Amino acid sequence: MAILADKTNSLNNNDGAETPTTTPTPTPAPGGAHYSAGPRRMHGTGLRGQNLSRQSNQFEGRFGRMFRTLPAAYHTENELIALADKMVAPAEDEPTPETERDDEENLGISAGYTYFGQFIDHDLTFDPASSLQRQNDPDALTDFRTPRFDLDNIYGRGPDDQPYLYAEDGVHLLLGRTLTGSSHDGQTRDVPRNTPEEGAPKRALIGDPRNDENVIVSQLQATLLRFHNSVAKTLARRRGGVLPPFEDVQREVRFHYQWTVLHDFLPTIIGKDTVQLLLPELKHDGKREAVTQFNPHLRFFKPKQQAYIPVEFSVAAYRFGHSMVRPIYRLNTTLPGRQMIFAETDSAKLAESLVGFREFPGNWALDWNLFFDIGEHTPQGPRRLQRSYKIDTSLVNPLGHLPEAVTKGQASLAARNLLRGLSMSLPSGQSVARAMGLPVVPDDKLRVGKATAAAQAANDNPLLTDISPNFTDNAPLWYYILAEAQQQALGTDGKVNDDAHIHLGPVGGRIIGEVFVGLMWADSHSYLQQHPGWRPIDEFTKNGRFGIAEIIKAARH
């Protein structure tokens, strides 16, 4: 997930598609499954144009800065790697049993939002440029797509240019094989896949290949494909059985998605109060009175020409989701156990993990009731609603030891994030807070580690300044945003409350909120601009509410 940028004029800065790399020859896994193979996109590789240093006011591209005039925070690589080591949790012998409360869970955010956030990130940074365009414009100075919430990762370049993604009618999207295992959806589908040569993995045939990088986001992609088809069916029924044009269905789906981002994802991640501060009209458009015009209150993200993605957003703030990742997930209640997000670099074990870019077992249908608050779950046991891990300064151990099948080079995701911030000359968290006129978290409250009562009691959370005195009033922006959110776990007595609902704090929440609202407002095709009074289809709503849970339920029909 990503980060924020600068008050001053910042023309576009491009973020591009990840660079294809080649992996070793695949080794067959049990049951004939295969893990890796030929060229594919590796997680964590840079986006096209993102590595450029954008200090000049004349620079154009996909990426820019929100706080262009702030000085870069200086840290040595050794200091950042030492911090990263402390941010990665120790390996656990056994995961917390499903019959017990996991004190690392965030009771305010269910586990599915981690991957919905990843899906949104892929939508914003989708790069449809051809390989020739990438070769001719590797820094994305001229050939780039302006970031929008338009589901190009679902639609690709449309039925005329990519007909293999669509049914014969040019309106419906093609689906993959039927998956089994979900007790709430007997028609769960995989994404469409190719038929490769024997021994090669089956690659996803979807608009953005990155949406197959793990099993969960892959099935979220398939759910959005089904939701599109459900909208097409609903609109056709309203028109007396006449199938509407593709463009009408696409527009309706995009509006539902944008509504979900503003009314569900953003309030969950940054808090309802922050959302309404940025877009006051949202308090009314969930009711029956129509909104005639939106008037966003943006102070720091104000593109003067084209919309862009601030590096403070993409390299720091929006990477908050890495702290929310759980080490293990239950996919459905028919499987005997849970699946690890990663495994050792061994083909047989990788095949049993959630690593993607392959055809996973057919009985791995996700039961979304275990990932979002859709209903019909129990407090404990296999049917419990899984929660995301807390937004804090701790990443689960597997994220500190990424397998080669997932990424190349530095194996610690925490180190990769911190070093990327250094290479992009990001300002410190304290500098950004002051520039935004927000309270600065004092050094004696900036600790490293889990936001749990047990970790606090064991004195497992050192001060940031204990790692290096150079961090005094000089915290890396990504770390600071996580630490700022972590303060919500503390009671007035300074003790950690394991039941606290944690969302992003003032700096992180404002950066992400302004970028989301600003990008949607800058898009002349968004519902904010084209139809401010638009509302979701009534039969898809629940008590007037529409969000990701309602998308999932509508996709089932």
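Predicted model: local features only at pLDDT ≥ 70, side-chain atom pairs only at ≥ 80, totals over all residues.

Me: Why is L151 called buried?
Reply: Its relative accessibility is 1%. Buried means under 20%, so L151 counts as buried.

Me: What makes the backbone of L151 worth a look, and where does L151 lie?
Reply: L151 has a positive phi of about 60°, and it is not a glycine. L151 lies in the loop between helix 3 (131-136) and helix 4 (152-155).

Me: Which value of phi does S425 have, and where is S425 found?
Reply: Phi of S425 is near 55°, again positive in a residue other than glycine. S425 is found in the loop between helix 11 (413-423) and helix 12 (429-435).

Me: Why is S425 called partly exposed?
Reply: Buried needs a value under 20%, and exposed needs one over 50%. S425 has 25% relative accessibility, so it counts as partly exposed.

Me: How do you know that S388 counts as buried?
Reply: Its relative accessibility is 0%. The cut-off for buried is under 20%, so S388 counts as buried.

Me: Where is S388 found, and what is it in contact with?
Reply: S388 is found in strand 10 (residues 387-389). Leaving aside neighbours within four places in sequence, its contacts are E104, E105, N106, I109, S110, A111, T114 and M324.

Me: What makes helix 15 roughly perpendicular to helix 16?
Reply: The axes of helix 15 (residues 477-486) and helix 16 (residues 506-522) cross at roughly 115°. Angles of 65 to 115 degrees count as roughly perpendicular, so that label applies to helix 15 and helix 16. The two axes come within 7 Å.

Me: Which residues meet there, and how do they divide by type?
Reply: From helix 15 come Y480, I481 and E484. From helix 16 come P506, V507, G508 and I511. The residues of this contact divide into 5 nonpolar, 1 polar and 1 charged.

Me: Why is helix 18 called mostly covered?
Reply: Of the 8 residues in helix 18 (residues 548-555), 7 are buried. Those are I548, A549, E550, I551, I552, A554 and A555.

Me: What covers the buried residues of helix 18?
Reply: The cover includes helix 2 (112-125), helix 5 (215-238) and helix 6 (246-270).

Conventions. Residues numbered from 1 in each chain as written. Heavy atoms only, no water. Buried < 20%, exposed > 50% of the residue type's maximum accessible area, 1.4 Å probe, protein only. Helix = DSSP H or I, 4+ residues; strand = E, 2+ residues; numbered from the N terminus. Contact = heavy atoms within 4.5 Å. Axes fitted to C-alpha atoms, helices over the stretch in contact; angles between N-to-C directions. Parallel < 35°, antiparallel > 145°, perpendicular 65-115°, else oblique. Nonpolar A, V, L, I, M, F, W, Y, C, P; charged D, E, K, R; others polar.
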